[in-house]
Amino acid sequence: RFIAKPCAINLGIQDSGPHRAQPNAILEKVFTSITKSPDGKRLEGLSKQLDWDVRKIQRWFRHRRNQDKPTTLTKFCESMWRFTYYLSIFFYGIRFLWTAPWFWDTRQCWYNYPFQPLTSRLYYYYILELAFYWSLMFSQFTDIKRKDFLIMFVHHLATIGLITFSYMNNMVRVGTLVLCLHDASDFLLEAAKLANYAKYQRLCDAFFMLFGVVFIVTRLGIYPFWILNTTLFESWELIGPYPSWWLFNGLLITLQILHIIWSSLIIRTAYKALVRGKVSKDDRSDVESSSEEEDVTSNSTKGVFSTSSNGSNRINGHVASGQWTEE
């Protein structure tokens, strides 16, 4: 409100929402009580009832769906908040871990386990991360629903489970490594969104490409060969197969599966960017976009729906016509 909004206004981002649908009691009742995306048969019935063209009714439903979407200014403020958090917590974690012995030798995570002291800096690092991921868990149900909703839901559950489980079992040393590693790329994604909303396309593309490289290196390279290596093999060697070993590593492997899925989406987006010359669309885009499905274009026999991507931001702003779409 006091920092992000003035920054957005100075960058020329307007607080203007999408085109609002004209008031219509019959269509409003269908929209709120029956369906937000009527099929062809219902469209024909509404067309006869209102004496409206089918295309006009489709346009009304599109405008009605989009009028409740957040504005670009709102999305910029949200991304700026997330960027600030991810950047701050990442540097806090790096500064904290730089002097920690287990950062340089992962076997230190298991020496004298479970009798390892919990310092105040370590405690606050954990509690901040846990609070943030709980907030993401709740806000996911009020945000725009996206194609990766289920994946994100599983990710948040696994993350909260890991943070809570490792804290309860005093596995906070290896837990800090997992947290810091995951924070390394997130602020770059939010930076790409901010650049997109401000219409700095080249800067957006550069941040996204950098995000993709860091994400793949940390999640497909460092994570399995550094984190999973110590939790699967070094822990087994030093402290043996403790009762919760299977659950702990099961959650970590679940994260790795999600990393592979997301990396494939990032690679597809990067490939499209190289082919088209810009980041055109994140494959994790919103189910509903502010551009929404375009009107039916007719030829001699039938109409064809054409879908464009969302210009909105949220993993989560996506791009339409070369603009970054939401996360």
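Tutor: Let's start with Ile163, which touches Tyr126, Glu129, Leu130, Tyr133 and Leu179, not counting residues up to four places away in sequence. Touching, or contact, means heavy atoms within 4.5 Å. Keep in mind that this is a predicted model, where local features need pLDDT of at least 70, side-chain atom pairs count only at pLDDT 80 or more, and totals for chains, interfaces and linings use all residues. Residues are numbered from 1 along each chain as its sequence is written, and side-chain values use heavy atoms, with hydrogens and water left out.

Student: Why is Ile163 called buried?

Tutor: Buried means under 20% relative accessible area, exposed over 50%, and partly exposed in between, with a 1.4 Å probe and protein chains only. Ile163 has 4%, so it counts as buried. Ile163 sits in helix α8, and its C-alpha atom is 7.3 Å from that of Tyr126, 37 residues apart along the chain.

Student: What makes a stretch a helix or a strand here?

Tutor: Both are DSSP runs, numbered from the N terminus: H or I with at least four residues for helices, E with at least two for strands. The protein comes to 11 helices and two strands.

Student: Why are α5 and α7 called roughly antiparallel?

Tutor: The axes of α5 (residues 72–98) and α7 (residues 120–139) come within 11 Å and cross at roughly 155°. Angles under 35 degrees count as roughly parallel, over 145 as roughly antiparallel, 65 to 115 as roughly perpendicular and the rest as oblique. That puts α5 roughly antiparallel to α7. The axes are lines fitted to C-alpha atoms, for helices over the stretch in contact, and angles run from 0 to 180 degrees between N-to-C directions.

Student: Which residues meet there?

Tutor: Among them are Trp81, Tyr85 and Ile89 in α5, and Leu122, Tyr125 and Phe132 in α7.

Student: What makes a set of residues a nonpolar core?

Tutor: The set holds buried Ala, Val, Leu, Ile, Met, Phe, Trp, Tyr and Cys residues joined through side-chain atoms within 4.5 Å. The largest one has 55 residues, and Leu97, Trp102, Tyr223 and Phe248 have the most contacts inside it. Helix α9 gives the most to this core, with 12 residues. Apart from it lies another core, of 10 residues, including Val30 and Phe61.
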